[in-house]
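Here are some friendly notes to read alongside the picture. Take the points in order, and keep the viewer open as you go.

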Amino acid sequence: MSKVLSAEAIAALPYRPCVGITLFRQDGKVFVAQRIDNPGPAWQMPQGGIDDDEDPLKAAWREMKEEIGTNKAELVGESRGWLEYDLPHDLVPKIWKGRFRGQRQKWFAFRFEGTDKDIDIATKHAEFSAWQWVDFTTVPDLIVPFKRDLYRLVVAEFQHLAGG
C-alpha cells in the first residue's frame with residue numbers, strides 16, 4: 001500500500017529533470033504513442049529523464065532512440081524555457097518512488113528524416129503499445145488531463161514548425 005503524502009509534503013518535493021520530444025513528420029503531423037502502463041487512453045510525445053550531468057539535448061537524442069528505436073531526425077527547435085507539470089497527489093507516492101512532485105521539462109522539436117519502418121516501439125525497455133502520426137493541434141486532447149496545460153504550451157511554442 002502506498003503512503004499518503006500531505007499537500008505540504010508534495011509541494012516540498014523537487015521536480016524530476018526531463019526532456020520532451022516533438023517529432024514532426026514532413027507533412028507537419030507529429031508522433032504520439034500510447035503508454036504501455038496505462039489501460040486507458042494515455043497518448044504522449046516521447047519524453048524521459050535527464051541523467052546526472054547529462055546535457056538536455058543529448059538526453060533528447062538518447063530518449064528518442066530508447067523510446068522509438070530511431071533518431072533519424074534533424075533538430076529544428078528548442079523551448080525557450082523549462083516547462084513543469086505536477087502529478088495528481090494520489091500518484092506522487094506511486095511514481096518515481098515518491099521522490100518527485102512532477103516533471104520539469106526542456107522540450108526539443110525535431111523533423112523526422114526516416115520512414116515509418118524506422119520506428120520500432122518494441123525497444124529493450126518498451127514504454128509504448130501503439131503509435132501514430134496526428135495533427136499537432138490535437139495533441140493536448142489526447143494527453144492525460146494533468147499534462148494538458150503543458151502540452152498546450154508546447155503546441156503554442158512549436159506550432160510554427162509544423163509546416164506541412
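Which side chain does the side chain of Glu-54 join through a polar contact of 2.8 Å? Point 2 has the reply, after a word on the model.

1. **The model.** This is a predicted model, in which local features need pLDDT of at least 70 and side-chain atom pairs count only at pLDDT 80 or more, while totals for chains, interfaces and linings use all residues. Residues are numbered from 1 along each chain as its sequence is written, and side-chain values use heavy atoms, with hydrogens and water left out.

2. **Glu-54.** The partner is Arg-62: its side chain and that of Glu-54 are joined by a polar contact of 2.8 Å. (A polar contact is a pair of N or O atoms within 3.5 Å; within protein, one must be able to donate a hydrogen and the other to accept it, and residues adjacent in sequence count only if both atoms are side-chain atoms.) To find Glu-54, look in the loop between strand 4 (47-49) and helix 2 (56-68). Glu-54 counts as buried because its relative accessibility is 16%; buried means under 20% relative accessible area, exposed over 50%, and partly exposed in between, with a 1.4 Å probe and protein chains only. Setting aside residues up to four places away in sequence, Glu-54 touches Gly-49, Ala-59 and Arg-62, where contact means heavy atoms within 4.5 Å.

3. **Gly-81.** Now move to strand 5 (residues 73-86), where Gly-81 sits. With 27% relative accessibility, Gly-81 counts as partly exposed. Beyond its neighbours within four places in sequence, Gly-81 is in contact with Gln-105 and Lys-106. The C-alpha atoms of Gly-81 and Arg-104 are 10.0 Å apart, and these two residues are separated by 23 residues along the chain.

4. **The elements.** (Helices, H or I of at least four residues, and strands, E of at least two, are DSSP runs numbered from the N terminus.)

5. **The whole protein.** Along the principal axes, the C-alpha atoms fill a box of roughly 45 × 35 × 30 Å. Of the 164 residues, 45% are buried. Among contacts with a separation of 6 or more, 73% are between residues 24 or more positions apart.
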